[in-house]
Each structure stands twice: as C-alpha cells, then as structure tokens.
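Let's take a walk through this structure by way of its aromatic rings. Have a look at the model first, and then we'll go ring by ring.

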Amino acid sequence: LQSESVQQQAELQRAREVVSTLTATDAMRVTLVAAKTPPQPEGKAIYVRDRSSLIFLASNLEALPAQKAYELWLIPTSGAPIPAGVFKPDTHGSATVINPPLPAGVQAKAFAITVEPESGSSAPTLPVVMFGTGE
C-alpha cells in the first residue's frame, strides 16, 4: 500500500505541474505552423463527459472591441448549445477556459466560439467564428 501511495502522490504532483503550466499567465505559448504562413486562430477543447471537465486552449485570436468577448459553446448531440465560458485573449492572442460549470453527463458532438457581450449570452450569436468536432 505504501508503494502505491507513493506512486499516486507522484502522479498527483505531475498533474499539478501540468495544470500549473497550462494556466500560468507568464507561460510562453508557441504554435508551430508551415513556414511563411501567417498564424491562424486555433482552439483545442479537451472534454471528459463523465466528469463534466473541460479545458480549452486558444492561440492567435484577434483582439476584440471593448464590451465584447469570445464565448465557448458546447454543442450537445441533442438540444441547444450550452455556454461553456466567456474569455478574452491576452496581448499575444492566447486564452484558456478551465473547467467552466457544465451540466453533468452531456454528450458533446462539437464546440464553437462566437463573439458576444462581455457578460456572455444564453444562445450563440452568429456568425460562428470557430467550430470543431471530436477527433
């Protein structure tokens, strides 16, 4: 039991380090792209349905006008889109959303991003600026 406990403590420490790196405000975020091609906005959503756990990482996002923010949406397999966090990119175009409040057990078929008022919206406003389905 003691060796198992030591192993679990080591895994917990590695998980804390990963979260710390992902959420560090001073982290250098680098996206590698084809040479001589301007960087394109990109987002990665990692979603675990059984835990309603979501981590979203974005890069190369354009700055928004005052009073506006990006909003992430979970698109379920049935039903209306679910708001999954309002965010603004930093000066480098990077942003994160870590574990926003989501209903339990929702099956996601896609994620989308729209531009909304800073306080967010109850339904997405068109146009959708980014969209992705599961891999």
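Rings of Phe, Tyr and Trp (its six-membered ring) pair if their centres lie within 6.5 Å; planes under 30 degrees apart count as stacked, over 60 as edge-to-face and the rest as tilted. A quick word on the ground rules: this is a predicted model, where local features need pLDDT of at least 70, side-chain atom pairs count only at pLDDT 80 or more, and totals for chains, interfaces and linings use all residues. Residues are numbered from 1 along each chain as its sequence is written, and side-chain values use heavy atoms, with hydrogens and water left out.

Strands here are DSSP runs of E, at least two residues long, numbered from the N terminus. Tyr47 counts as buried at 19% relative accessibility, and Phe111 does too, at 14%. Buried means under 20% relative accessible area (1.4 Å probe, protein chains only).

Now for Tyr70 and Phe87, which form a stacked pair: 5.7 Å centre to centre, with 20° between the planes. This pair also links distant parts of the chain, joining Tyr70 in strand E3 (residues 68-76) to Phe87 in strand E4 (residues 82-87), 17 residues apart. Tyr70 is buried, with a relative accessible area of 6%, and Phe87 is buried at 6%. Finally, Phe56, Tyr70 and Phe87 form one aromatic cluster.

Terms used
Buried means under 20% relative accessible area, exposed over 50%, partly exposed in between (1.4 Å probe, protein chains only). Helices (H or I, at least four residues) and strands (E, at least two) are DSSP runs, numbered from the N terminus.
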